[in-house]
Each structure stands twice: as structure tokens, then as C-alpha cells.
Amino acid sequence: MLEVLNDFLSGKVLIVLIVGLGSYFTLRSRFVQFRHFVHMFSVFKESLSSSSGQLSSFQALMLSLAGRVGAGNIAGVGIAVTLGGPGAVFWMWVTALVGMSSSFFECTLAQLYKQSDGDGLYRGGPAYYIQHGLKLRWMAMTFAVLLLVTYGFAFNGLQSFTVTHSLQNAFDIPVQYSGIALAVLLGLVFIGGIKRIASVSDLLVPVKTLAYLAVTLYVIVSQIDLVPGMLATIVKSAFGLEPAFAGLLGSAIVMGVKRGVFANEAGLGSAPNVAAVASVKHPAAQGVVQAFSVFLDTFVICTCTALLILLSGFYTPGFEGDGIALTQNSLAAVVGDWGRTFISIALSLFVFTCILYNYYLGENALQFLVGRSKVALLGYRGLVLALICWGSMQNLGTVFAFADITMTCLAFVNLTALAMLIKVGLRVLKDYDAQRKAGVDQPVFDGSQFADLDLDRAAWPTAKPESANAAQAKGAPELLPTQR
């Protein structure tokens with residue numbers, strides 16, 4: 001019954017929600033992800049700086065990539081290709097394209113409605129913009145509980161199971177030993193709070209991402225003459241035009257969208273929780289940065305994994321096996337047996353940072369529910385570490401199905417809230433666009449222009465005169481009050 005319900009919700013309802021509302025947000029925003037695509041790179045460069053004592057936009061990006069770039073980029077792509085054929089990759093791209101607009105709005109709203117936590121940092125996310133933007137406390141509480149259960153507990157146990165069994169297969173390390181070691185390392189990071197989590201993500205996310213990209217790009221470049229034909233196969237298979245994969249058309253769409261959603265998490269309501277912690281000059285700037293992270297996750301990393309599999313010669317239609325085994329054997333077919341070891345190490349880094357990300361999402365939800373309770377926080381940390389040890393030694397298939405269901409419920413609550421707050425999101429986007437059109441390189445958000453909204457004035461005070469007149473200093477036309 002649980003598997004049937006999970007298949008219906010995550011395999012059908014979630015797809016309609018993500019693609020349907022993502023397309024709606026794309027149209028209402030006049031294709032924000034395309035209009036600001038080149039601008040994403042300049043905002044990414046600006047994100048490296050931060051205010052004293054605050055987390056930078058870059059750190060928030062690395063923290064969100066810690067969750068986005070995970071097992072789904074290795075195992076998830078392998079599963080999609082196994083069950084949906086090469087055409088599934090095309091539908092992953094489509095999902096990412098519309099998902100970039102969903103990610104823009106959810107992370108912009110998370111920034112807009114963020115709240116000071118009393119320690120000079122910020123908290124935010126869907127629970128906060130539901131409560132302060134829609135005034136629906138019960139809906140916000142529901143989201144926070146679902147987030148705590150799904151990411152704080154269930155997914156952490158599942159991630160532990162994945163990495164410990166991968167290490168056992170690669171190095172014959174008993175799962176109980178690797179599980180305990182993993183819990184100890186994570187505990188050392190947890191006690192440092194969000195700043196230490198962000199610092200570790202700053203280090204590990206670029207390392208794991210660049211190392212993985214370097215190896216997969218080596219495989220792709222070594223067979224570059226085959227890449228154009230393989231890309232054509234991906235597109236043809238997506239529409240059932242490739243004879244060898246014509247029977248997989250339906251599976252290609254379902255698996256491509258489903259795995260794409262799970263890989264980049266756009267619209268699920270998870271990334272906004274970390275997007276809100278950054279110190280930025282305008283909420284839309286963080287929305288642009290997070291839309292870029294969806295592009296990086298799917299169009300770069302997932303595509304590299306897919307081409308690795310399809311170019312290796314190992315994959316054949318009807319392959320039976322899990323996604324990790326497919327990716328490991330595909331790399332080994334090109335570079336030798338060390339490829340399997342590399343995938344295990346890469347997966348370990350991916351999972352480690354994912355658990356840090358999941359932990360913070362649960363902590364954010366816990367603080368929303370019970371406030372700044374040290375007892376509750378210590379209890380939460382202890383329970384998470386215990387679940388990591390326990391999960392390393394258990395087959396959590398049932399828990400995984402349950403977590404999939406609660407995650408679909410998360411997406412339903414979050415996307416419903418986004419649809420209800422779309423006018424506010426468009427208003428913030430319009431202010432950002434107007435300033436950029438007037439020549440302001442780094443738009444500044446003026447809280448006084450949004451006095452009707454329930455914002456934390458400590459987070460978004462009235463803009464300073466010199467900031468509001470930045471355009472004039474550059475010789476640009478003076479901004480109207482509504483543009484400021």
C-alpha cells in the first residue's frame with residue numbers, strides 16, 4: 001500500500017505540480033531564468049563577498065549545492081537511464097528549465113521574509129513566508145513538521161545506509177564501523193552550528209564537484225567525436241524516435257521528470273531554508289544565484305553522469321542493476337577498476353555534505369516549531385546521530401517510501417504557497433529589474449517601498465540615501481521611488 005501510494009504521489013502528482021506550476025511561474029515572470037541567465041554569472045561573482053559576521057551568498061550557494069549535488073547526481077541519473085533510456089536525460093533538462101523559475105521565486109521569497117535569529121544571523125524558508133506572507137500559521141506548522149521528519153530524520157538515515165554500504169562494497173569496511181565514524185565526524189560539525197556547516201560545505205562542495213567533473217569530463221573529451229551523436233540520441237529517444245528505445249517513451253518522461261526533481265530539488269521547499277541565511281542587498285539576487293545552482297546541478301553535473309554512462313559502452317538497453325553499479329561499471333569500463341573506487345569516494349563526499357544539508361533543514365524547522373530551545377536542539381542532534389548509526393545497518397526501503405511521500409507533501413504545500421504569493425514575488429522581481437534597467441549594477445532593496453508586507457525590519461531596513469542614489473553616482477537616470 002505504501003509503495004502504491006508513493007508511486008501515485010511522487011510518480012504522478014509531483015510531476016504535474018513541478019512541471020505545471022514551474023511553467024506557470026516561467027510565463028508569469030517573463031522567462032526570468034532566460035532573461036537573467038548571463039546575469040547569473042556576475043551575481044555569482046558578487047556572491048563571494050559578505051558583510052562582517054554574516055554568511056555570504058556564496059556560502060549559502062555552497063550549502064544548497066551540498067544538498068542538490070548528492071547521490072541523485074550519481075545513482076539517480078543511473079536509475080533514470082536504466083528505466084527510461086537516454087530520453088530520460090532530455091526530460092531532466094526540461095524539468096530543470098522550468099524548475100529554475102520555481103527556485104528563483106521560492107528563494108527570493110525566503111530572503112524577503114527571513115527573520116533575525118538573535119545571534120546576528122538569519123532564518124527563513126517556506127514556513128516563514130507562509131506565516132508572514134500568507135498569515136497561515138497552521139500551514140506553516142504543517143510544512144515545518146514535514147520538513148523535520150523528511151530531511152532531519154528519514155533522509156539522514158537513508159544517506160547513511162547508502163554511503164556505508166558503498167564503502168563496504170568498495171573497501172570491505174564493516175557498515176557498523178563506517179556508520180560510527182560517520183556519526184562522529186558529523187557530530188564535530190553539528191556542534192559548530194550553521195557557520196561551521198557552511199565552512200565545511202565551502203571546502204567540500206567545490207572539491208567533490210570539481211573532482212567528479214574532472215573525471216567525467218575526461219571520459220567525455222576522450223570520446224568527443226561520439227558526443228554529438230549521443231546528444232541526438234538523447235533528443236530522439238525523448239520523443240520515441242529512436243527505434244531501440246521507442247518502447248520507453250512513457251518511462252523516459254516519468255523517470256526523467258522524477259529523477260530531475262529529486263536531483264535539483266527545485267520547488268520542493270528545501271533550498272529556500274539555506275538561501276535565507278545569506279546577507280544580500282536584494283532578495284532577488286539570491287533567487288538568481290539559486291536558479292544558477294539548479295542549472296549547475298542538472299545541466300552540468302547530471303549531464304556529465306549521463307554522458308559517462310552512455311559513452312562508456314557498458315550500458316545496454318535492458319540493463320538490470322542499481323544506479324550506483326551502472327555508474328561505477330561505466331567509469332571502470334573506460335578508466336579501469338579504479339573507477340569503481342573513485343565513484344565510492346565521490347559518493348561518500350556527496351552523502352556527507354548532503355547529511356549536513358539535511359541536518360540544517362531539520363534544525364531550521366525545529367527552531368520554527370519550538371523556538372531557540374537548547375534542550376530541543378541537543379535532543380535533535382543526538383537523535384540524528386543515533387539514526388545515522390542505526391541507518392547504516394538497516395534496510396530502509398519502507399522508510400524511503402515514507403520519506404518520498406512526505407517530500408511530495410512538502411512540495412504540494414510549498415508550491416501552493418508560491419502560487420498564492422506569486423504577486424509578491426513578481427513585485428520584488430519588478431523592483432530588481434527596474435534598478436538594473438536604470439544602470440544599478442547591484443540593486444538595493446528598500447524596505448520602505450514594501451511597508452505593507454510583514455517583513456523583519458532588522459533584516460530589511462530602509463535603504464540608505466547613498467545606496468538609493470547609486471545610479472546617479474554612475475551617471476544613470478534617477479530612480480523613481482517605486483524603482484528603488
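Buried residues account for 60% of the 484 residues in the chain, where buried denotes a relative accessible area under 20%, exposed one over 50%, and partly exposed anything in between (1.4 Å probe, protein chains only). The model is a predicted one, in which local features need pLDDT of at least 70 and side-chain atom pairs count only at pLDDT 80 or more, while totals for chains, interfaces and linings use all residues. Residues are numbered from 1 along each chain as its sequence is written, and side-chain values rest on heavy atoms, with hydrogens and water left out.

The fold contains 21 helices and two strands; these are DSSP runs numbered from the N terminus, with helices (H or I) of at least four residues and strands (E) of at least two. Among contacts with a separation of 6 or more, 81% are between residues 24 or more positions apart, a contact being heavy atoms within 4.5 Å. The accessible surface of the chain is about 18,500 Å², and carbon and sulfur atoms contribute 66% of this area, as computed by the Shrake-Rupley method with a 1.4 Å probe, where for residues only the protein chains shown count as cover.

We turn next to the interior. In soluble globular proteins, nonpolar side chains tend to be buried together. Here the largest nonpolar core has 153 residues, of which Leu112, Tyr113, Tyr129, Ile130 and Tyr151 touch the most other members. Helix H14 (residues 283-311) supplies the largest share of this core, with 17 residues. A core of this kind is a set of buried Ala, Val, Leu, Ile, Met, Phe, Trp, Tyr and Cys residues joined through side-chain atoms within 4.5 Å.

Helix H7 (residues 126-134) is largely enclosed by the rest of the structure, because seven of its nine residues are buried. These are Pro126, Ala127, Tyr128, Tyr129, Ile130, His132 and Leu134. With neighbours within four places in sequence set aside, Ile130 is in contact with Lys135, Leu136, Met139, Ala140, Phe143, Val413 and Ala417. Lysine 135, which follows H7, has a positive phi near 60 degrees.

Two loop residues also have a positive phi. Phenylalanine 31, not a glycine, has a phi of about 60 degrees and is found in the loop between helix H1 (2-28) and helix H2 (32-35). Its relative accessible area of 39% makes phenylalanine 31 partly exposed. Aspartate 172 has a positive phi near 60 degrees and belongs to the loop between helix H8 (137-171) and helix H9 (175-190). This aspartate 172 counts as exposed, at 65% relative accessibility.

Serine 201 lies in helix H10 (residues 193-222) and is buried at 0% relative accessibility. Beyond its neighbours within four places in sequence, serine 201 is in contact with Met62, Leu63, Ala66, Pro206 and Leu356. Serine 330 is part of helix H15 (residues 323-335) and is buried, with a relative accessible area of 0%. With neighbours within four places again left aside, Leu308, Ile309, Ser312 and Phe314 are in contact with serine 330.

Aromatic rings were examined next. A pair of aromatic rings is described by the distance of the centres and the angle of the planes. The rings of phenylalanine 104 and phenylalanine 105 form an edge-to-face pair, since their centres are 5.2 Å apart and their planes stand at 80 degrees. Both of these residues, phenylalanine 104 and phenylalanine 105, are buried. Phenylalanine 153 and tyrosine 380 are likewise edge-to-face, with ring centres 5.7 Å apart and planes at 65 degrees. Because phenylalanine 153 lies in helix H8 and tyrosine 380 in helix H17 (residues 374-391), this pair ties together parts 227 residues apart in sequence. Tyrosine 380 counts as buried, at 3% relative accessibility. One aromatic cluster is formed by Tyr24, Phe25, Phe104 and Phe105.

Charged groups also meet rings. The charged end of lysine 114 sits over the ring of tyrosine 122, 4.0 Å from its centre, and that of lysine 208 sits over the ring of phenylalanine 350, 4.7 Å from its centre. The criterion is NZ of Lys or CZ of Arg within 6 Å of the ring centre and within 35 degrees of the ring normal.

Terms used: Rings of Phe, Tyr and Trp (its six-membered ring) pair if their centres lie within 6.5 Å; planes under 30 degrees apart count as stacked, over 60 as edge-to-face and the rest as tilted.
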